[in-house]
Amino acid sequence: MHSLGPRVRFAAPLIALHWVTLILIACVYALMEFRSIFPKGSPNYLLMRNWHYALGISIWLMTFARLGIRIATGRPAITPRPPSWQERAAWVVEVLLYVLLLSVPLLGWLMMNAGDRQPWFFGLQLPTLMQANSELRPQFKQWHIWIADVGYALIALHAAAALWHHFVQRDDTIKRMMFSRRRPSRWL
């Protein structure tokens, strides 16, 4: 039987998507940071670049799913409740993280199209969002890189705040994004 009290954790699909997204973000960043270990244009360099594209689009698609689930299920309250300025700051960082997760892959896609290239997504060629444009390509690339670089700071801030809440404020912020170890009780 389900409890009629307030929810203490985010919805399970949202928790799963949160942690899968984290793993994919780490992979996407690593693929681009370490691609220079191979000569530009070599098969291994191109393989890393193509995985970067595919995982980036995966993050983009999962973000739409996350937003849908998040809107549908809401947010469990933090116990004990933090000061209102912390709640506002958390909301701002959450919005900025969603902007990051939606804009960086889209800018990469636009950058490729502007350079007269089509991204591939696990064997599927993605549609063209815009025609080739050599003037816009550098601008899309610059925005893609800049926002991705800001992502390092946002992700670090998000993680640091969660750890602060857990170890210093001793509230249930992190527990809300963890799966329950307790099995639900069932009627026999």
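Predicted model: local features only at pLDDT ≥ 70, side-chain atom pairs only at ≥ 80, totals over all residues.

Modeller: Residues are numbered from 1 along each chain as its sequence is written, and side-chain values use heavy atoms, with hydrogens and water left out.

Colleague: How many salt bridges does the count come to?

Modeller: The count comes to three, taking a salt bridge as a side-chain nitrogen of Lys or Arg within 4 Å of a carboxyl oxygen of Asp or Glu. Arg-70 pairs with Glu-94, their closest N and O atoms being 3.1 Å apart. Arg-70 lies in helix α2 and Glu-94 in helix α3, so this pair ties together parts that are 24 residues apart in sequence; helices here are DSSP runs of H or I with at least four residues, numbered from the N terminus.

Colleague: Is Arg-70 buried or exposed?

Modeller: Arg-70 counts as buried at 15% relative accessibility, where buried means under 20% relative accessible area, exposed over 50% and partly exposed in between, with a 1.4 Å probe and protein chains only. Glu-94 is also buried, at 18%.

Colleague: And what does Arg-81 pair with?

Modeller: Arg-81 forms a salt bridge with Glu-87, at 2.9 Å between the closest N and O atoms; Arg-81 is exposed at 64%.

Colleague: Switching topic, how far does α3 reach?

Modeller: With 31 residues, α3 reaches 44 Å from its first C-alpha to its last, close to the 45 Å expected, which is 1.5 Å times one less than its number of residues.

Conventions: Helix = DSSP H or I, 4+ residues; strand = E, 2+ residues; numbered from the N terminus.
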